[in-house]
Amino acid sequence: IVLDRGRRYILRLYNASDDGHDFASPAFFNAAAIAPHDRRWIRQGEVEVPPGQVREIHLTAPRPGRYKLKCTHTMHKFFGMSGAIVVR
């Protein structure tokens, strides 16, 4: 994911599977300006996305940097569910 600093975005997370997933990037969520009504979805830098559901997070991209992200569910990172958010 590549974002531009200071620009507004909607991070749309869709879980098409039958299992739970999350989107964990504590450093990113701590640095980004999150819309007040969307803060409820973020707990300790993670957004849980139940099976078949969508979570939308309205945010403004933070300072430039590379922010790690992953799914914290058991073995999910091992199966490739990890990456980075790059803010330029």
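So, burial: 36% of the 88 residues in this chain are buried, where buried means under 20% relative accessible area with a 1.4 Å probe, counting protein chains only. Bear in mind that this is a predicted model, where local features need pLDDT of at least 70, side-chain atom pairs count only at pLDDT 80 or more, and totals for chains, interfaces and linings use all residues. Residues are numbered from 1 along each chain as its sequence is written, and side-chain values use heavy atoms, with hydrogens and water left out.

Okay, the fold. We've got one helix and nine strands, which are DSSP runs numbered from the N terminus (H or I, at least four residues, for helices; E, at least two, for strands). In sequence order that reads β-β-β-α-β-β-β-β-β-β. The radius of gyration is 13 Å, close to the 12 Å from the globule rule for 88 residues, so the chain is as compact as a globular protein of that length. That radius is taken over C-alpha atoms, and the rule is 2.2 Å times the number of residues to the power 0.38.

Now contacts, meaning heavy atoms within 4.5 Å. Of those with a separation of 6 or more, 67% join residues 24 or more positions apart.

Along the principal axes, the C-alpha atoms fill roughly 35 × 25 × 20 Å. And the accessible surface is about 5,700 Å², with 51% of that belonging to carbon and sulfur atoms; those areas come from the Shrake-Rupley method with a 1.4 Å probe, and for residues only the protein chains shown count as cover.

Definitions and conventions
Buried < 20%, exposed > 50% of the residue type's maximum accessible area, 1.4 Å probe, protein only.
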